[in-house]
Amino acid sequence: MRRRELWGWITVAVVLSALAIPWFLWGDDTLVAGIPLWLWWHVGWMGLASIVFWLFAERAWGIGIESSPSSSESEPKGQRRSANSAAWGDEP
């Protein structure tokens, strides 16, 4: 289930990014309230992207970056070696 949610958010991010710049409106001279239509699209799309990002931050922040417990976390506390002692060859 979590993997499907991750791919869903990736898909949403790609679509939002791909349509943020209205390529299909380039060269269109249509004005709405004195502002080019492509600019209205861009501003509206950024508003939508803001809402989607807020939803992502509320519901799925950190998805895809969870780490699985490493073998050092399953060792008894007295037997763990610090990164420095392992790097310098010191014994615990």
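Me: What makes Trp7, Ile10 and Val14 a nonpolar surface patch?

Reply: In this predicted model, these three residues form a patch of about 310 Å². A patch takes residues with over 30% relative accessible area and no salt bridge; nonpolar side chains (Val, Leu, Ile, Met, Phe, Trp, Tyr) are joined within 5 Å, like charges within 9 Å. Areas come from the Shrake-Rupley method with a 1.4 Å probe, and for residues only the protein chains shown count as cover.

Me: Why is Trp7 called exposed?

Reply: Trp7 has 51% relative accessibility, so it counts as exposed. The classes are buried under 20%, exposed over 50%, and partly exposed in between (1.4 Å probe, protein chains only). Trp7 is found in helix α1. Helices are DSSP runs of H or I with at least four residues, strands are E runs of at least two, and both are numbered from the N terminus.

Me: How do you know that Glu5 and Arg2 form a salt bridge?

Reply: Their closest N and O atoms are 3.3 Å apart. The limit is 4 Å, from a side-chain nitrogen of Lys or Arg to a carboxyl oxygen of Asp or Glu, so the pair qualifies. Both residues lie in helix α1, three residues apart, about one turn of the helix. A search of the whole structure finds one salt bridge.

Me: What makes the pair of Trp9 and Phe56 edge-to-face?

Reply: The structure holds seven aromatic pairs. In the Trp9 and Phe56 pair, the rings are 5.2 Å centre to centre, with 70 degrees between the planes. Rings of Phe, Tyr and Trp (its six-membered ring) pair if their centres lie within 6.5 Å; planes under 30 degrees apart are stacked, over 60 edge-to-face, the rest tilted.

Me: What makes Ala33 exposed?

Reply: Its relative accessible area is 71%, over the exposed cut-off, so Ala33 is exposed. Ala33 sits in the loop between β1 (31-32) and β2 (35-36). Its phi is near 55 degrees, a positive value in a residue other than glycine.

Me: How are residues numbered, and which atoms and confidence limits apply?

Reply: Residues are numbered from 1 along each chain as its sequence is written, and side-chain values use heavy atoms, with hydrogens and water left out. Local features need pLDDT of at least 70 and side-chain atom pairs 80 or more, while totals for chains, interfaces and linings use all residues.
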